[in-house]
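Take a moment with the sequence and the 3D structure. Then read on for a short tour.

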Amino acid sequence: SIPLGYFGGIGAGSRQGILFKGSVFLDLMTQVKTVVMDKTGTLTKGVFRVQEVNPVGIDAGTLARLTAALESKSTHPVATAVIEYARVNGDDNAFGNVPVEAVEEIAGHGLKGRVDGKEMLVGNAKLLRKFGVAFDEALTRIPYTVVMTALDGTFAGYFTIADEAKPDATDAVKRLQAEGIRTVMLSGDKSAVVEIVAKQVGIDEWHGDLLPEDKVAQVERLKAEQAANPKAKRRPAKLAFVGDGVNDAPVVALADVGMAMGGLGSDATIETADVIIQNDEPSKIATAVEIGRATRRIVW
Ligand code: ADP
Ligand code: MG
């Protein structure tokens, strides 16, 4: 039979909008020594806004219209920003009538397709490098997320876009650190942007420019480092990962405790997760750990 303390813990979780998919995960919370978090949508709002448009050899309106036409095939938060910009600044949804064919979404890179009869790329520096399109490397160092566009193999300009940290992200990191937990942020976004968020929220360790498979490799490395720690012998140290996106499902599965932020979360990630945070507040990650630890004190 399950000790009453566990029901108390699961109930306390559900009152806070935290769903433990079994008492085993409540218990594992007491062993978590590393919490790894995704950036976009987990520690930041995941709502990007276009700051500036910089066309090259094309007028700004045409660049926005063609880029938004291709981005309308994606649900990525970056795509939403470009579409919103074109909607507000363009002549009524003009991008909706642009013919778009042969669209491919390349994870961690962006999109490729035929737009208005031209071969088009919309994405980050990795995408343009992958297809051999030349651009100014200084763009990789500016502290904004940059959406670059190429038409028929030639750089056609870029949009700078920005997201912001959630108001309770700093509190979440502080409370996890107070529990003796190492905090890590992983992101597919560019390192110059990830660094700014990292400093703002006070996270212990961070890595940017990661492809989905690089996130898997980072979590494997962190698990191995933790297992090698001699202090971990008596009660093995566990790792939790918190993410929200489709790309996060493999790392959610790999973590000892996989957690999903439910507010914006993808179905695949929510299904794979052991613990679901039903709103968008990262402080609930710390609350989940605190409930786990308080429950153990009652059960033992
Ligand atoms: P994360 O969730 O960690 O931010 P993703 O793998 O979802 O990482 O995306 C990484 C990067 O790939 C984004 O920051 C962006 O530069 C680029 N990207 C992905 N999808 C798109 C898209 N639809 N349009 C433009 N850029 C994209
Ligand atoms: Mg993501």
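The paragraphs below go from the strands and helices to the ligand.

This is a predicted model: local features need pLDDT of at least 70, side-chain atom pairs count only at pLDDT 80 or more, and totals for chains, interfaces and linings use all residues. Residues are numbered from 1 along each chain as its sequence is written, while chains are lettered from A and ligands numbered from 1 in the order in which they are written.

Start with an open sheet. It has 7 strands, in the order β1-β13-β12-β11-β2-β9-β10. Strands here are DSSP runs of E with at least two residues, helices are runs of H or I with at least four, and both are numbered from the N terminus. Two strands pair if DSSP finds at least two bridges between them. In this sheet the pairing is mixed. Its edge strands are β1 (18-20) and β10 (205-207), and each pairs on one side only. On average, neighbouring strands are turned by 20° against each other, direction ignored.

Look at one pair inside the sheet. β12 (residues 257-261) and β13 (residues 275-277) pair in the parallel sense over 3 bridges. Here M261 stands opposite I277 in β13.

Now find β8 (residues 154-162). Strand β3 (residues 49-55) runs antiparallel to β8, and 6 bridges join them. P55 has G157 in β8 as its bridge partner. β7 also runs antiparallel to β8, with 7 bridges. There V147 has F159 in β8 as its bridge partner. The hairpin of β7 and β8 has 2 residues between the strands, and D152 takes a positive phi near 45°.

Next come two helices. α4 (residues 60-71) packs against α5 at an angle of about 135°, with the axes 9 Å apart. Axes are lines fitted to C-alpha atoms, for helices over the stretch in contact, and angles run from 0 to 180 degrees between N-to-C directions. The two helices are therefore oblique to each other; angles under 35 degrees count as roughly parallel, over 145 as roughly antiparallel, 65 to 115 as roughly perpendicular and the rest as oblique.

Finally, which residues come nearest to ligand 1? Of the 23 around it, they are T40, S74, G110, N124 and G188. A residue is near a molecule if its C-beta atom, placed from the backbone, lies within 6 Å of it. α3 (39-43), α5 (77-89), β5 (110-115), β6 (118-123) and β7 (145-151) each give two or more residues to this shell.
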